[in-house]
Amino acid sequence: MQSFICSKRHYVVSKKLVGSLFKYNLKKYEIFNAMSTNVNFNNQMNRLCLPLSHRLYERGHKELAGIRSLLLKNRLPRVYYFPNMHSTRGLSTTSASHQQQSSTESNKDPSKDPKRPNEYDIAVLKILLVLIFTGFIYYMTLSSINGVVVDKISWNDFINEVLLKGQVQEIKLYPGHVQVVLKRGATYKGKMLVSKLDLYDFPETKDVEEKIRAVERHIGIKMEDGIPIRYINMDDEMAISELISTIIILGALFMLFRHPVVKNKFNILTDLRKAKYTLIDPFAGKGVRFKDVAGLKEAKVEVMEFVDYLKKPERYKKLGAKVPKGALLLGPPGCGKTLLAKAVATESNVPFLSMNGSEFIEIVGGLGAARVRNLFAEAKKRAPSIIYIDEIDAIGKKRSESYAQFSTSESERTLNQLLVEMDGMTTAEDIIILASTNRADVLDKALLRRGRFDRHILIDLPTLEERIQIFEYHLQSLSLEGKPLQYAKYLAHLTPGFSGAEIANVCNEAALHAAGEKKTKVHNTDLMYAIDKVLGGTVKKSSTLTPSEKKVVVYHEAGHAIAAWMLEHVNPLIKVTVVPRTNKRLGFSQYSDSNLKLQSTEHLFERMCVLLGGRVAESIMFNKISTRAQSDLKKVTEIAYHQVQQFGMSPSVGLLSFNRELTSTKTKKPYSKKLGSLMDAEVRKIITQAYKTTDKLLNDNKDKLVTLAEALLTKETLTYKDIEALIGPPPFGKKDITDLEDYIPGVE
């Protein structure tokens, strides 16, 4: 029987070297033919196989063990013995280079990746979390069943309800404390008892055993059959045990919180205290610039002074000037406050940190103030810089003024911190604060004072000239038939009271409508469609109006149009339509704006007459009224009350003015009931007079009312030109505005 010696090498092994390992001549041990053979074993490792007798194999194995230990001590190539190698016996020597290669391959094992979390640590973490969760559930369960399970009773109840019923297993007497060990299933007045019951109102500890033995003798229990009573004096031991348990719990929590997984979870609380600002890079080459902000000429001039100071501060400091610390952008929604702030961010060439007011407020108390501190700290690091807070009314609302209304809400704490950062003991330099809001009336006075927001920049609804500029800017991106300026002038007259955002929406809706109609150019009809859609919504083609209801709507709108056409101090009529819309509007009349900043009694009175024209027309033509005039009557009532309560236009009431807040039903009125009744009577008098004036006007022009209504019933929409062709020009001329026909774009 033969065995084999196999030695793994990266080079050819000679017989002489193998023989020197055994310190014997190969021929002496009957090795006549040694041949080198490649044997596939463990990923293509080379082996030199030599035939040996079994006796030589055993002797060689003993010496090989000694050689192997010597080689290991001297860090030479290691020798391994394989008891089985494909049903044969063998030896293997491995070079150091192969070991290094094997270790490298083992390091590539993904299961041994050092970056992966230790499985033992994860297991310990899971066990700790399970224990904590189990303890919490146990505590909550005990709390929930507090009314079902009893763990403490008085001494008398213990004697009568527990001891005499044989439910006691053992009694432990501690210094100043008595604990009863109960049998399984013990109850007390229908409630379960815990295994260890505490007593209160018990006698002195030294008298407890005597009283219990007396009760046992009374009921005939022998001394040897009595309940075991143990005296335990373990104050020190109990303190040590509690200390040890506390140390174990604290140690477990310490190890738990040191784990990286738990640390990452708790880092979330730290991140909550950081301000989530948006840092705008001024050198990116993208963004909104001042040339992209159409209109707002005066606002841009004021804001550009801040930008110029940041770019050239020496010129101002040389003259002793100080840059304003902040600017507050005020105005209705959609007028360009945020757009102007974006332009400042791009043009300033300094870091621009932007946040919304709502991002400061969280449920957790104190986070808002912490975020304010963090925001200003980041701005100081990048000084000179600009901080922009959009919708500042979220954190800048008025604080309570009286002690009875004292509040410590999160918004007030955030506001206090903002006031300190803007102008406190450690005021930051080279930091400018911009803010915007459309609710300036709710802001705190301390926030609005000079030294914090030095400038209040009003960005109101665009005027006619500003609307022309805005339309011209947005129309440049559309593919029009004519030039943008031709459309801009005409559209600006058709959109009084529109904000910049609404004008941009009009241009976009026109392009969408033209694309939906598969047109190659945006036509004038697409722009008209867009204006009507923004004003009243999408056309509702599936109208459910009956013919009689349709006629009522037509005469109602015709009454508005005739009243506006025939009166002197009313804004000129542009268009009237009775096309149903998706916003529940069955029709509307559109008027141009006048350049008047002040309105007299005649203007307000005639405006009321126009609003009442629909109700009067229904009464004249059908001798009945409908709910169509509900919104008109609401506006009329509001105008009349403004004349009496705020504008001082009532001779009977006199020159008195009360704010809207003081006259609302939610507050106590600052005037007597008699004066309130007088105001109500004056309002009814003014509205009645306006109704009679409108009734006389429409009766005198009933033929024009019928003509206009019949045409409106047929065409559904009439423009200024159509109305003029039907009933003639207005009796009081064009009312100081340019003829709209001059602006109708002539497309070549």
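Q: If buried means under 20% relative accessible area, exposed over 50%, and partly exposed in between (1.4 Å probe, protein chains only), does Lys 550 count as buried or exposed?
A: The model is predicted, so that local features need pLDDT of at least 70 and side-chain atom pairs count only at pLDDT 80 or more, while totals for chains, interfaces and linings use all residues. Residues are numbered from 1 along each chain as its sequence is written, and side-chain values use heavy atoms, leaving out hydrogens and water. Lys 550 lies in helix H19 (residues 547-566), where helices (H or I, at least four residues) and strands (E, at least two) are DSSP runs numbered from the N terminus. Because its relative accessibility is 15%, Lys 550 counts as buried.

Q: Which residue has its backbone oxygen 3.2 Å from a polar atom of the Lys 550 side chain?
A: Not counting residues up to four places away in sequence, Lys 550 touches Leu 545, Val 578, Pro 580, Leu 713 and Glu 716, contact meaning heavy atoms within 4.5 Å. The backbone oxygen lying 3.2 Å from a polar atom of the Lys 550 side chain belongs to Val 578.

Q: What angle does the direction of H19 make with that of S18?
A: Three strands form an open, antiparallel sheet in the order S18-S17-S19, two strands being paired if DSSP finds at least two bridges between them. S17 and S18 pair over four bridges, and the bridge partner of Thr 577 in S18 is Phe 588. H19 packs on this sheet and touches both S17 and S18. With axes fitted to C-alpha atoms (for helices over the stretch in contact) and angles running from 0 to 180 degrees between N-to-C directions, the direction of H19 makes with that of S18 an angle of about 20°.

Key
A polar contact is a pair of N or O atoms within 3.5 Å; within protein, one must be able to donate a hydrogen and the other to accept it, and residues adjacent in sequence count only if both atoms are side-chain atoms.
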